[in-house]
Amino acid sequence: QTSDIIDRQIRHMTRLLDDLLDVSRVTGGRIELDQSPHDMRALVADAVEQARPLMQNSRHRLEVHVPDDTAPVHGDATRIVQVVTNLLNNAAKYTPPEGRISLTLAQDGDEVAVTVRDNGIGIEPALLPHVFDLFVQGERSPDRSMGGLGLGLALVKSLAELHGGTVEGESAGAGAGSCFTVK
């Protein structure tokens with residue numbers, strides 16, 4: 001049991017350190033994107049695979065909706081997967097066990113949008129304008145032990161903007177879940 005705890009803590013600390021280094025590189029302008037054409041459906045599948053263990057631990061029900069046709073994007077595959085994974089992980093952290101999380105990939109003309117919606121704890125109206133700021137995070141609950149440093153959404157925003165994209169967050173308030181869309 002002690003070994004399992006140590007292992008979980010090492011993985012958690014590694015993720016935090018990686019996020020800190022990524023934020024430092026992005027905000028310092030020291031990141032170069034390896035841009036090439038991709039099918040966003042494949043990148044979404046990779047992100048879902050990376051986020052699935054966290055969701056399974058909390059028995060979340062994940063629904064994924066992707067188009068039948070190719071959803072072409074031009075960007076850095078690793079960083080795009082990181083953006084979607086961060087959104088999924090954030091939803092998992094703030095959604096109680098057995099909650100619902102959905103990911104929808106949509107294409108409108110030459111724009112591709114990924115929307116991650118959850119029925120989690122929601123975001124207080126006063127916090128919503130600041131969720132993309134560094135070190136900002138929602139209230140911790142006793143059943144949410146996988147808290148971070150408030151880097152994930154700041155990193156999502158920075159990486160989306162580096163790709164010429166945007167990200168928006170919505171919530172009707174406490175207990176009303178959250179919705180994040182990156183384009």
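Let's start at N86, which touches G152, L155 and V156 once you skip residues up to four places away in sequence; contact here means heavy atoms within 4.5 Å. N86 sits in helix α3, and helices (H or I, at least four residues) and strands (E, at least two) are DSSP runs numbered from the N terminus. N86 counts as buried because its relative accessibility is 14%. For that word, buried is under 20% relative accessible area, exposed is over 50%, and partly exposed is in between, with a 1.4 Å probe and protein chains only.

Before I go on, some housekeeping. This is a predicted model, where local features need pLDDT of at least 70 and side-chain atom pairs count only at pLDDT 80 or more, while totals for chains, interfaces and linings use all residues. Residues are numbered from 1 along each chain as its sequence is written, and side-chain values use heavy atoms, with hydrogens and water left out.

So how confident is the predictor? pLDDT is its confidence in each residue, from 0 to 100. The protein chain averages 89, and 92% of the residues score at least 70. Residues 141-146 are where I'd slow down: pLDDT stays under 50 there, and the model has 11 contacts beyond four places in sequence for that stretch. Where pLDDT is low, the predicted coordinates should not be read in detail.

Back to the helices. Just after α4, G164 takes a positive phi of about 80°.

R59, in the loop between α2 (40-57) and β2 (61-65), has phi near 55°. E98 has phi near 65° and is found in the loop between α3 and β4 (100-108). Is E98 buried or exposed? It's exposed, because its relative accessibility is 56%.

Now the strands. T104 is in β4 and T115 is in β5. T104 counts as partly exposed because it comes out at 31% relative accessibility, whereas T115 counts as buried because it is at 17%. Leaving out residues up to four places away in sequence, T104 touches H65, A113, V114 and T115. The C-alpha atoms of T104 and V66 are separated by 6.1 Å, with the two residues 38 apart along the chain.

What does the side chain of T115 make a polar contact with? The side chain of T181, at 3.0 Å. A polar contact is a pair of N or O atoms within 3.5 Å; within protein, one must be able to donate a hydrogen and the other to accept it, and residues adjacent in sequence count only if both atoms are side-chain atoms.

Last stop, the second largest pocket, with about 410 Å³ of space. Of the 21 residues lining it, the closest to its centre are V73, V112, H163, G165 and K183. The elements giving two or more residues to that lining are β3 (72-76), α3 (77-93), β5 (111-118) and α4 (152-162). A pocket, on a 1 Å grid over the protein atoms alone, is an open set of points where a 1.4 Å probe fits, with protein on both sides within 12 Å along at least five of seven lines; lining residues have an atom within 4 Å of a point. The volume is the space filled by probe spheres set on the points, which are joined across faces, edges and corners.

Terms used. pLDDT = per-residue confidence, 0-100.
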